[in-house]
Amino acid sequence: MIQILEEKIFNTVWTIKIFTEKRNSSRVSIVENQTIHIRIPTYLTREERIKTIKELIGWAKERVPISDKKETIEAYQRSNDTRTDEWLEKRLEQIWELLFPEVKKLNNVKVIFKGKWKKKFGHIKKIKEDSEIAVNNILKDANIPEYIIDITLAHELVHYMHGFNSPHKKEHKHPHAGGIVSSELKKRGFGVMIKKEKEFLKKEWPKIINEYYKQGSS
Ligand SMILES: [Zn+2]
């Protein structure tokens, strides 16, 4: 069964296609042409269904690539003072719940802003029994779109589920073997964001890094 809704996000009307399928978990993905796909299991009750759809639309709404400049600037300004470690923790929780629901949390997973790296957005480390996900402090900068942080968290979660610096069973020899991270991210609805991230890395990141180190900002 497919249900179609329309939702205005900033100045654009987005089509939301809701697929009710025989599956175990819900998924949301932002696809091209202003479309959002939501997949939910048939067994949900009416109330659960409404609640899940609302949550998933909310998630997608915050992450659609924005083209309206004024709105973008406002979104940036909003994010400037909200990017704290607590905020980051909630963000990871949300991504985990909505997009990696079957991945078990087998140990304590800490997430923090850390470092000022020119060449990476984040990493995952094992510290004793815990796992630590770190996100580059530079990404706190209000000029950096939030989806960069989301995709960084999701990237590290993929390493976690693949057993790198986590208690999960290691399925591959190397963390990035054969594009395993990208293909997992695409499966989980990050396809459009991966493209945007590549563009961002090429066009925006070098400018940000230059500016950042010129100012000697801390
Ligand atoms: Zn990686």
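In the predicted model, helix H4 passes helix H5 in a right-handed crossing. The two helices pack at an angle of about 115 degrees, and their axes lie 10 Å apart. Since angles from 65 to 115 degrees count as roughly perpendicular, H4 is described as roughly perpendicular to H5. From H4, the residues Ala154, His155 and Val158 make the contact, and they meet Val181, Glu184 and Leu185 of H5. By class, this contact of H4 with H5 consists of four nonpolar residues, one polar residue and one charged residue.

H4 also packs against helix H3, here at an angle of about 60 degrees and with the axes 10 Å apart. This angle makes H3 oblique to H4. The crossing of H3 and H4 is right-handed. On the H3 side the contact is formed by Arg91, Leu92, Ile95, Trp96 and Leu99, and on the H4 side by Ile149, Asp150, Leu153, Ala154 and Leu157. Eight of the residues in the contact of H3 with H4 are nonpolar, none is polar and two are charged. Ala154 of H4 is listed both in the contact with H3 and in the contact with H5.

Strands E5, E7 and E6 form an open sheet in the order E5-E7-E6, with mixed pairing. Strand E5 (residues 109-114) and strand E6 (residues 122-127) stand at the edges, and each has a single partner strand, so one side of each is left without a neighbour in the sheet. On average, neighbouring strands of this sheet are turned by 25 degrees against each other, direction ignored. E5 pairs with strand E7 (residues 130-136) in the parallel sense, over six bridges. Within this pairing, valine 109 stands opposite serine 131 of E7. Helix H3, which spans residues 85-99, lies across E5 and E7 and runs at about 135 degrees to E5. Helix H4, formed by residues 146-161, packs on the sheet as well, touching E6 and E7, and its direction makes about 40 degrees with that of E6.

Strand E1 (residues 2-9) and strand E2 (residues 12-21) run antiparallel and are joined by eight bridges. Isoleucine 2 stands opposite phenylalanine 19 of E2. E2 is in turn joined to E4 by seven bridges, and these two strands run parallel. In that pair, isoleucine 18 stands opposite isoleucine 38 of E4. E4 has an antiparallel partner too: five bridges join strand E3 (residues 27-31) to strand E4 (residues 35-41). Arginine 27 has arginine 39 of E4 as its bridge partner. E3 and E4 form a hairpin with three residues between them, and asparagine 33 in the turn has a positive phi of about 55 degrees.

The loop between H4 and helix H5 (residues 180-187) contains glutamate 171. This residue has 11 other C-beta atoms within 10 Å. Because a residue with 12 or fewer such atoms is classed as exposed, glutamate 171 falls in the exposed class. Leaving aside residues up to four places away in sequence, glutamate 171 touches His162 and Gly163.

Of the 218 residues of the protein chain, 25% count as buried. Among contacts with a separation of 6 or more in the protein chain, 50% are accounted for by residues 24 or more positions apart.

Note on methods
Residues numbered from 1 in each chain as written. Predicted model: local features only at pLDDT ≥ 70, side-chain atom pairs only at ≥ 80, totals over all residues. Pairing = 2+ DSSP bridges. Helix = DSSP H or I, 4+ residues; strand = E, 2+ residues; numbered from the N terminus. Axes fitted to C-alpha atoms, helices over the stretch in contact; angles between N-to-C directions. Contact = placed C-beta atoms within 7 Å. Buried ≥ 20, exposed ≤ 12 C-beta atoms within 10 Å, placed from the backbone. Parallel < 35°, antiparallel > 145°, perpendicular 65-115°, else oblique. Left-handed = near helix turned anticlockwise from the far one by under 90°. Nonpolar A, V, L, I, M, F, W, Y, C, P; charged D, E, K, R; others polar.
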